[in-house]
Amino acid sequence: MNYKMIRNILGWLLLFEAGFMLIPLLTGICYGEAEIRYFAVTIFLCASIGLLFVWNKPQNPTLYAREGFVIVSLSWIVLSLFGAVPFFISGCIPNYVDAVFETVSGFTTTGASILTAVEPLPKCMLMWRSFTHWVGGMGVLVFIMAFVPLSGGQNMHIMKAESPGPSVSKLVPRVRTTALILYSIYLGLTLIQFILLLCGGLNAFEALCTAFGTAGTGGFGVLNDSMASYSPYVQWVVTVFMLLFSVNFSCYYLFLLGRIKEAFNAELRRFIVIVGAVILVITLNVRGLFDTLGEALRHVAFTVASLISTTGFATENFDAWPELSRTLLVLIMFIGACAGSTGGGLKVSRLMILFRGAFNEIGNLIHPRRVKRITIDGHPVEPEVVRATNVYMMWYVLLFTVSVILISFDDHDLVTNFTAVTATINNIGPGLNLVGPTGNFAFFSIPSKLVLIFDMLAGRLELFPMLVLFAPQTWKR
Amino acid sequence: MNIMIVGCGKVGQTLAEQLNDEGNNITVVDTDPELVSDLAARLDIMGYVGNGATHTVQQEAGIHKTDLLIAVTGSDELNLLCCLIAKKAGNCQTIARVKNPAYSSETAYLKDELGLAMVINPEHAAAAEIARVLRFPSAIKIDTFAHGRVELFKYRIPEGSILSGMAVKDVVAKLSCDVLVCTVERGDESYIANGNFVFAEKDTISVIASPKNALEFFKAMGYKNRAVRDVMVIGGGETAQYLCSILHRSGVSIKIIEKDQRVCSELCVRFPEVSIIHGDAADQSLLLEEGIRTASAFVALTGLDEENIFLSLFAKSAGHAKVVTKINRIAFDDVIKHLDLDSTIYPKNITADLILRYVRAMKNSEGSSMETLYSVIHGQVEAAEYTVGEGSPVTEIPLMKLKKKPDILIAAIIREGKVLIPRGGDMILAGDRVVVVTRAKAIDDIADILL
C-alpha cells in the first residue's frame with residue numbers, strides 16, 4: 001500500500017475542498033451574513049492540513065487497483081467529515097453525526113435531510129448544501145484529475161472506482177482530457193439551466209441552488225416545500241433537466257461531435273421508454289386526484305423524473321398516491337439513471353446486462369451446448385463485466401438486507417425502513433411513509449444514521465470501494 | 001499529437017509507453033481484448049478491440065483525427081493493409097513494420113507506391129546494431145551520428161583499468177585523445193557526467209568522439225581494437241539472416257548453429273559461404289566442438305530470451321569472445337544489467353527509437369530538425385542530433401553562457417564536416433549539426449534545451 005501517495009492525494013483533496021468553500025463564503029459576503037466566519041475557519045483548517053499533506057511529494061507515484069479503491073473511499077469520507085464542520089461549529093446542526101449525515105447526503109447527491117425546516121438556515125449554509133451536490137455529482141477525484149497531474153497512467157484506477165456504471169470508457173485517450181470534457185459538458189448544462197430558471201422569475205440564489213441540486217441529481221432545495229411553490233414553468237424546466245442529467249455524458253459528447261446515431265445508444269433508448277411508460281401509467285392512475293390532465297401530467301412527470309434520476313425534489317406528496325403508483329415509484333428508484341451520468345440507482349445498462357444474462361441462462365438450460373454472448377449495441381460484453389455485474393447485484397442485495405435489519409432496531413414500520421434504505425443506497429432522498437416527501441430522516445437513532453451514511457457512500461461509489469476499504473485483505477501486506 | 005498504434009505486441013507496447021510519456025494521445029487497437037485492457041489500464045491511453053485493418057474499426061477508433069498510424073502487428077501483410085486503408089480513410093501519416101526479408105528488399109518501392117512515411121524492420125535494425133558492435137568489440141554499444149562522423153560508444157570499465165580513480169576532467173589530458181564523457185552508470189544510478197566526477201571499476205560510461213579519437217581512446221586503454229573476424233551465431237532466424245548479409249560484405253566468416261533442419265537447408269542456399277551447423281546449441285559439447293573457446297565473437301539470436309542469456313553466460317566463461325545477446329521479451333532490465341553480459345540488443349527498443357525520432361521530427365515543423373535519436377540509458381538518458389536552423393536562439397552564444405535546463409550536455413558540434421568536441425568557450429552557429437545528451441524528455445527542437 002502506497003501510503004505516501006494516498007496522503008498526497010488526500011492533501012490535494014483538502015486543498016480543493018478549501019477552494020469549494022469559497023463559494024458559500026462569497027454567498028455569505030453578498031448577503032452580509034455573520035456565519036461566513038465558520039467557513040473561513042474551515043477553509044483555513046482544510047488548507048493548512050492539505051498543504052502539510054502535499055508538501056512532500058512522494059517519490060514513487062505508482063498506484064495499483066487497491067490504492068485506487070482506498071483513495072476513492074477515503075477521499076469521500078474525509079471530504080464529508082470536513083464538509084460537515086461549518087454546519088457543526090456554527091450550531092446550525094448541533095449534532096456532528098447529523099452534520100455528517102447532511103454533508104454525506106449532499107456529496108453523494110442523495111438529498112436526504114435531517115433538517116425539519118431549511119428556510120431558517122443562513123444563505124451561505126444553504127449554498128454549501130446545494131453546492132456539495134454539484135461537486136459530488138460528477139465526482140471529486142475526477143475534478144481533481146482534470147487540474148492536477150496526479151501520476152502517470154495509474155489514475156485510470158481512480159476514475160474506474162469513482163465513475164458510475166458497469167464499465168468505464170474514456171472519451172479520448174487521456175484521463176485528464178476526458179475529465180475536462182465531462183466537466184465542461186456538466187458546467188455547460190448547469191449554466192443553461194441556471195439561465196432558464198432566472199427567466200422563470202427565480203432570484204439568482206434560488207436559481208443557482210436549484211441548478212446545483214438538479215445537476216448533481218441531488219435534491220436539496222432552499223424552501224421547506226421543495227419545488228411545490230414554484231411556477232409550472234420552473235417545474236417543467238427542472239423536470240427536463242433532471243432527465244438530461246441522468247443521461248450518460250458521453251452521449252452528449254457524441255452528440256456534439258455530430259454522431260447522433262451513436263449517441264442514442266441502447267441504454268438511452270431503454271431509459272426513454274421506461275420513463276415514458278411509467279409516466280403514462282401513473283398519470284392514468286392518479287388522474288382523479290388533479291383538476292386537469294395537464295396538472296396531473298406535470299406532477300407525475302416531475303415525480304418520475306425526480307425519482308428515476310435519483311434527484312428527490314418533490315412538487316406533490318406522492319406518498320398519498322394510489323398503491324400502484326407508489327409501487328411503480330419505488331421500482332424506478334431501483335432502476336436509476338444511465339451509467340456515466342450523475343444519477344444513482346442500479347443503472348439501466350447494468351440491468352440490461354443482468355436481464356440478458358438471466359434470459360441467456362434459461363436458453364442455456366434448454367440447449368446446454370449453445371454458445372451465446374451478451375451484446376449491447378452490437379458489441380459483446382466481456383464475461384468479466386457480466387461476472388462483475390452479477391457480483392455487484394449480489395452485494396447490493398446483501399448490503400440492502402443487512403441495512404434494513406440494522407435500522408429495524410429503531411422500531412419504525414417496514415415501509416419506512418425499506419424505503420429509507422432504498423432512498424439512501426440509490427442516492428434519491430425521499431422514500432415513503434415517515435421518510436416520504438414531507439418527512440425527513442431526523443427521527444432515526446445515531447447508529448441507524450451511521451448505517452444510512454454508509455449506504456449513501458456505498459451507493460454513490462458503486463459499493464466496491466467502500467467494501468474494499470473494510471476488507472481485511474486490503475490492509476495486509 | 002494523436003497516434004494510433006495497431007498491434008499490442010512487444011513493439012506496440014514499448015511504443016505506446018514511450019509515446020505516451022512524451023505527451024501524445026495514444027489509441028491502441030488489437031484483436032485480443034486482454035492485451036488491450038491490460039495496456040489501457042496501465043497507461044493513460046485509449047484501447048480499442050478489433051481488427052485494425054478494417055475500415056469500420058479504424059473509423060470507430062477515430063482515424064479521421066489521427067495524425068500518425070503505426071502498424072506493428074505480427075503480420076507484414078496486415079500491417080501494410082492497415083496503412084493502405086488508413087491512408088484512404090483519414091489524412092494521416094503511416095508507418096508499417098515489415099520484417100519478411102522478401103518484402104524488405106523492396107522497401108523503397110513499398111514506401112513510394114503505398115505512400116508510407118516509413119517502413120521499419122526491427123530485425124534488420126537489430127542486425128545493423130549487432131554489426132556495428134562487432135566492428136568495435138571493446139565497446140558494448142555504438143551509435144553513430146552525422147553519417148558516421150561522430151560515434152557515441154558505451155564502455156564498461158574493467159577491473160584494474162587506468163580509468164578507475166580518474167576524474168572526468170582529466171581524461172583528455174591523461175589519455176591524450178579528444179573525447180567527451182557523457183554519462184556514467186553506477187549500479188542502479190545514472191549521472192550526466194560533470195568534470196569532477198571520479199570513475200570507479202565496473203562503471204559503464206558513454207563517450208562521444210570522432211572514430212579516429214575513439215580508436216585512440218581504446219588504444220590508450222590498452223586494447224588492440226580489431227574488428228571481429230569470425231562470428232558464431234546461434235539461431236538462424238530473420239535477424240541472423242540480415243546479420244549474415246551485412247557482415248558478409250565486410251568479409252567476416254560466419255558460423256550459424258540452427259536446430260531446424262529445414263531452416264538449415266534454406267540458409268545454405270541463400271548464404272553459400274556461411275557454414276551452417278545443424279544442431280541444438282543448448283548442447284554444451286556441440287558448442288565446444290564448434291570452437292566456442294576460440295571464436296572472436298558469439299551472437300545469441302534464438303527466439304528464447306532465457307536461452308540467449310544462458311548461452312551468452314556460457315560463452316563468456318568458456319572463451320574470450322565478444323558476446324552479443326538478443327533480448328526480446330524479458331523486462332527485467334535491472335537484473336540483466338547485473339549479469340556479466342557484454343552487449344545486449346533489445347529489438348523493440350531500437351524500433352521504438354526509430355519511430356520516436358520520426359514522431360519528434362513530425363512535431364517540429366519549423367526551426368531545427370532532429371536527425372537522429374538514440375536512447376543512451378533506456379528510459380532515462382537520450383542522445384539526439386539536430387541541424388540548427390537560421391536564427392535559432394541557441395546560436396552565437398558561448399556554451400558556458402547558454403542558459404540550459406539542468407542535465408543537458410552539448411556533446412558534439414559538426415561544422416562543415418569537421419567534428420568539434422565542444423568546450424565552454426565554443427558556440428553553436430546556424431547550419432551546425434549538434435549532438436545533445438539529455439535526461440529531459442521530449443526535446444523536439446534544439447531551442448527546447450533552453451530554460
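**View 1. A right-handed β-α-β unit in chain B of the predicted model.** Strand β13(B), helix α11(B) and strand β14(B) form this unit. The helix covers residues 261–270. Strands β13(B) (residues 253–258) and β14(B) (residues 275–278) run parallel and are joined by four bridges.

**View 2. Bridge partners between β13(B) and β14(B).** I256(B) has I276(B) as its bridge partner in β14(B). For K255(B), the partner in β14(B) is S275(B).

**View 3. The open six-stranded sheet of chain B.** Strand order is β14-β13-β12-β15-β16-β17, and the pairing is parallel. The edges are β14(B) and β17(B) (343–345), each of which pairs on one side only. From one strand to the next, the twist averages 20°. Helix α11(B) packs on this sheet and touches β13(B) and β14(B). The direction of α11(B) makes about 170° with that of β14(B).

**View 4. The side of chain B that touches chain A.** Eleven residues of chain B are in contact with ten residues of chain A. On the chain B side, the elements giving two or more residues are β2(B) (25–30) and α2(B) (33–42). By class, the residues of this side are six nonpolar, three polar and two charged.

Notes
Residues numbered from 1 in each chain as written. Chains lettered and ligands numbered in written order. Predicted model: local features only at pLDDT ≥ 70, side-chain atom pairs only at ≥ 80, totals over all residues. Contact = placed C-beta atoms within 7 Å. Nonpolar A, V, L, I, M, F, W, Y, C, P; charged D, E, K, R; others polar. Pairing = 2+ DSSP bridges. Right-handed = clockwise from strand over helix to strand, strands pointing away. Axes fitted to C-alpha atoms, helices over the stretch in contact; angles between N-to-C directions.
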